[in-house]
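Study the structure before reading each solution.

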Amino acid sequence: MNTETHSQLASFIWSICNLLRGPYKRNEYRKVILPLTVLRRFDCLLAPTKQQALAAFAKNQGKSEKIIDSIVCKTTGYSFYNLHKLEFALPQKDHNSLLDDPNHLAQHLDKYINAFSPNVRAIMEKFKFDEQILHMRDKNILYEVIKKFAALDLSTEHVDNMQMGYVFEELIRIGAEQSNEEAGEHFTPREVIKLMVDLLFNPEEDMRILRKSHVVTKIFDPACGTGGMLSEAEKRIRELNTKAKPILYGQDWNDEAWAVCRADMLIKDEDAENIQLGDTFCNDAFKYDENGEKFTFDYMLANPPFGVEWKQQQRFIENERDTLGSDGRFGAGLPRINDGALLFLQHMCSKMHPQEKGGSRIAIVFNGSPLFTGDAGSGESEIRRWIIEHDGLEAVVALPDQLFYNTGIGTYIWIVTNRKEARRRGKVQLIDARNFFIKMKKSLGNKRNKIGDKSEGEPDQIGEIVRIHGNFQDGETHEFVIPAQAGIQSRKKLIVSHIFDNADFGYSKITVERPLRDEHGNVVIAGKGKNKGNPEPDAELRDTENVPLKESIEDYFQREVLPHVPDGWIDPSKTKVGYEIPFNRHFYRYEAPRELEVIEAEIKGLEEDILALLKEATA
């Protein structure tokens, strides 16, 4: 199946919502659609072995529950099963269907769900689907809704596992749009995930390791949503090496997203127990592994929610910082309360392999705020300082705008690692990929642009960005086609890569004091305190200056400050070191005003178009 087909299937499934109108509001449709899609997929997978599974269960009565589970799962070929005699399918002569007895459908459906193995029942409990069964029964729509889903062919022959994951994500996205929720909290555009994964695996040493026979790779997403990032990373590793063994781990605190993700893992025969439900900050599900060792991962990816406050977790997080310091997750600093994105990055950094054990690589999506928000000494600045001074920031990639479903603002991929290639040590690469996009034929929420994906028959823009990253060249340019102006299409070469030293992003914020004077203009001398015997500073005249770390503070002061305030001095006790990444400043391009003749020609052309339309309308 291609992308268009899985979108069509998701749209068809969502069209069943026409039956829900009236008894349900639009923002409630997914309470029915998602669990029924999951149930139908499970039933289609189990249908070929249903009778054998029932026979195996009957034959082994009297044995322990654990042994019976093992035997039945071996019969189904999956880590789950259903032991109800009825199937979630349209009535047939040689099969017993839930629809055979319309008058007792609700009871049969409830018993059918409870006949699943415990791992599936746990998923359905989080959907709270038992409530919807009773509601649909009471509104006399249950039979027609179940009949519609029973007619869906969700077998692996029709929909493979990867495409089924796409369908789940599309259903989540549509549901979030219809309920005016933040779709981006659960859904990252597929091409963005592919780019993140390829950037993670881009270094030659990583590619060499991933191609080793039977290599085991642990991948983690602390805000996994429906699991799209984990699935894409797994797919890419298997493309590189069919004998590789990627192990996927994820955590999310949204019941619905967790249920879909865990169902998807069960369907793909992954270890679904590695997908945990809970608050990543207050209930870290991956503190220690089965050996009691600190949990660490080879690769980590995340698209944490933008601009979401962490007030609910504030007490717990501050306590961890105060009691554990640098031995905990948040020792570097805490961001402002209304945006916890940088907390996710610190959480992921705490789960890196030590350098002596190979280190780890992280790809995380942020908006622009973590680049520059917060003055020297603030939580955000201190977190940036900690990452950069530990040589952890490898690259920042600016993405096109209007790329995500829930926001049109600019976004960035940060690549963070504790095992940089030798040529990258002490360096940070900034990549301007804002012009690598194609226009979508149809907008999806705020998403109007897409990064070209070769596998979709589009320009290989993902590959080009990854190539620029791999080139690691300062001042590299790329030629872009500029949209037509006045009927003329042009090309322009733009710089897309800059290489900086770590220290280039740091600065010393100095405080410049000036003396307090009385009404006659005389300097007031302090009689006590740290300034005793020296001029008393005037708080109203106090000013600050940011001095690049690479520059001498004294030289800067002599050159830039004293000529303007000869009576000024620096208070060294107030000097703070800050870090920011002023991305736009480094890629600023002066755009000369267009020639007046070009503007006049455009206006004239528009006037002619309007007149032509008016003539057609009045003809």
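**Exercise 1.** Determine the handedness with which α6 passes α13, and classify the direction of the two helices.

*Solution.* The crossing of α6 and α13 is left-handed. The structure is a predicted model. In this model, helix α6 covers residues 118–127 and helix α13 covers residues 255–267; their axes lie 8 Å apart, at an angle of about 155°. Angles over 145 degrees count as roughly antiparallel, and α6 is therefore roughly antiparallel to α13. On the side of α6, the contact involves N119, V120, A122, I123, K126 and F127. On the side of α13, the residues include W258, A259, V260 and R262.

**Exercise 2.** Describe how helix α10 and helix α12 pack.

*Solution.* Two packed helices are described by the angle between their axes and by the distance between those axes. For α10 (residues 190–200) and α12 (residues 228–240), the angle is about 55° and the distance between axes is 9 Å. This angle makes α10 oblique to α12. The handedness of this crossing is right-handed. Among the residues of α10 that take part in the contact are R190, I193 and K194, while α12 contributes residues including G228, M229 and E232.

**Exercise 3.** Classify the crossing of α5 and α8, and state which residues meet.

*Solution.* Helix α5 (residues 105–114) and helix α8 (residues 142–150) have axes that come within 10 Å and cross at roughly 50°. The two helices are therefore oblique to each other. From α5, L105, A106 and L109 meet L142, Y143 and I146 of α8.

**Exercise 4.** Identify the residues that form a nonpolar patch on the surface with I610.

*Solution.* I610 is located in helix α21, which comprises residues 596–618. The patch consists of I610, L611 and L614. Together, these residues have about 300 Å² of accessible area.

Technical notes: Residues are numbered from 1 along each chain as its sequence is written. This is a predicted model: local features need pLDDT of at least 70, side-chain atom pairs count only at pLDDT 80 or more; totals for chains, interfaces and linings use all residues. Side-chain values use heavy atoms; hydrogens and water are left out. Patches are made of residues with over 30% relative accessible area and no salt bridge: like charges are joined within 9 Å, nonpolar side chains (Val, Leu, Ile, Met, Phe, Trp, Tyr) within 5 Å. Accessible areas come from the Shrake-Rupley method with a 1.4 Å probe; for residues, only the protein chains shown count as cover. A salt bridge is a side-chain nitrogen of Lys or Arg within 4 Å of a carboxyl oxygen of Asp or Glu. Helices (H or I, at least four residues) and strands (E, at least two) are DSSP runs, numbered from the N terminus. Axes are lines fitted to C-alpha atoms, for helices over the stretch in contact, and angles run from 0 to 180 degrees between N-to-C directions. Angles under 35 degrees count as roughly parallel, over 145 as roughly antiparallel, 65 to 115 as roughly perpendicular and the rest as oblique. A crossing is left-handed if the near helix is turned anticlockwise from the far one by less than a right angle, and right-handed if clockwise. Contact means heavy atoms within 4.5 Å.
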